[in-house]
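Please open the model in your viewer and keep the selection panel at hand. The stops below are given in the order in which to select them.

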Amino acid sequence: MKRIVTLIAMAAMALTLASCKKDGVYKPEYRISTIYEYSSVEYQRYVDSSHLWHTYHVDSVGSHIVERWNWKDKNLDHIDYYANGRVDYTIDMVYDGKRLARVNNSKDKTYALMEYDGRRLDKMTFYDKNGNALKSYTFHHDDHIFSSIDVEVVDKKSGAEVSDALETFVLNIFGDDSKALLRAAKNGKGSNYTITLKWKDDNVVSVRHENIQRDFKYDSKKNPMKGLLLSLVMPGENEAATFGNANNVTTAILFRDGNEESKKRYSYTYSDDIPVSCSSIDIESVSAGYRNVHTEMQNYYYEE
């Protein structure tokens with residue numbers, strides 16, 4: 001199931017951008033307690049006589065809990081992820097002092113380790129349940145932000161199949177192209193590559209990999225997940241939120257070979273300048289004259 005693991009931020013969690021802060025230290029002004037989700041799909045057809053899209057069927061899932069955040073000694077201790085009203089798996093964080101050092105996935109025992117160079121994140125490595133390295137990221141910085149990331153598939157034979165729960169942010173950035181990247185890695189082709197990033201006002205506005213580029217626009221409100229490094233190892237529908245930007249994504253556009261391929265928009269409601277809900281609409285063309293309109297809403301609750 002798609003998740004906005006951000007606000008959306010989400011929909012999610014990354015590096016503290018201010019130079020006076022340490023990467024891997026997450027001290028939000030507002031601490032999330034639970035996230036609920038509602039989703040629907042409208043099946044529509046275009047009627048020539050009225051020149052309008054008419055809905056002929058709707059599938060929907062009522063509001064239900066998807067995440068519960070648990071805090072200990074002011075640190076985010078673990079997040080429970082729900083399916084069908086029950087905890088499906090848990091992601092727990094291990095700290096070196098106040099700095100995030102390791103992320104564990106209870107479902108398949110995969111995990112990620114972080115290495116730092118002074119105040120900045122230097123390297124992140126993903127491991128399977130047997131302790132075999134699967135994939136690593138090396139981060140290159142320009143002053144207090146990271147400008148590029150070298151990705152290396154360590155275990156080419158396995159294809160670095162990281163679990164859904166410990167998905168890499170790179171795969172989320174490229175959406176449908178993630179499967180192609182994994183296939184290339186499994187075949188030993190294109191297993192090492194570089195991601196470049198462009199920033200503006202403490203937000204990632206562009207991410208590029210070869211012929212694929214994603215551009216992002218933001219609101220002016222606070223992103224409560226800014227500084228949460230967890231987003232680098234968690235799946236996120238709202239790709240830009242992966243970086244823990246200062247603000248919340250409003251538009252995400254995918255370009256391939258310089259041509260716009262898809263666009264997704266997000267809208268928010270706020271309280272005290274932080275999001276309390278996020279809605280997203282994604283229109284998928286099925287065939288000429290038919291389309292599916294996917295709508296998702298997530299509601300965020302904070303500790304008092």
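Start with E29, which is exposed at 59% relative accessibility (exposed means over 50% relative accessible area, buried under 20%, partly exposed in between, with a 1.4 Å probe and protein chains only). This is a predicted model, in which local features need pLDDT of at least 70 and side-chain atom pairs count only at pLDDT 80 or more, while totals for chains, interfaces and linings use all residues. Residues are numbered from 1 along each chain as its sequence is written, and side-chain values use heavy atoms, with hydrogens and water left out.

The side chains of K222 and E29 form a salt bridge at 3.2 Å, N to O (a side-chain nitrogen of Lys or Arg within 4 Å of a carboxyl oxygen of Asp or Glu). K222 sits in the loop between β12 (212-218) and β13 (249-256) and E29 in the segment before β1 (32-47), so the pair ties together parts that are 193 residues apart in sequence. Helices (H or I, at least four residues) and strands (E, at least two) are DSSP runs numbered from the N terminus. K222 is partly exposed, at 39% relative accessible area.

Next, select R31 and E303. Their side chains meet in a salt bridge of 2.8 Å, N to O. This pair also links distant parts of the chain, with R31 in the segment before β1 and E303 in the segment after β16, 272 residues apart. R31 is partly exposed at 25% relative accessibility, and E303 is partly exposed at 36%.

Move on to R256 and E261, whose side chains form a salt bridge at 2.7 Å, N to O. R256 counts as partly exposed at 24%, as does E261 at 44%. The structure holds 5 salt bridges.

Which residues make the nonpolar surface patch? Select Y56, V286 and Y290, which form a patch of about 300 Å². Patches are made of residues with over 30% relative accessible area and no salt bridge, with like charges joined within 9 Å and nonpolar side chains (Val, Leu, Ile, Met, Phe, Trp, Tyr) within 5 Å. Areas come from the Shrake-Rupley method with a 1.4 Å probe; for residues, only the protein chains shown count as cover. Y290 belongs to strand β16 (residues 290-302) and is partly exposed at 38% relative accessibility.

Two loop residues come next. D202, in the loop between β10 (192-200) and β11 (203-209), has a positive phi of about 65° although it is not a glycine. D202 is partly exposed at 26% relative accessibility. D272, in the loop between β14 (259-271) and β15 (274-287), has a positive phi near 55° and is likewise not a glycine. D272 counts as exposed at 56%.

Finally, select the whole protein chain. Its secondary structure comes to 2 helices and 16 strands. Buried residues make up 50% of its 304 residues. The chain exposes about 14600 Å², of which carbon and sulfur atoms supply 45%.
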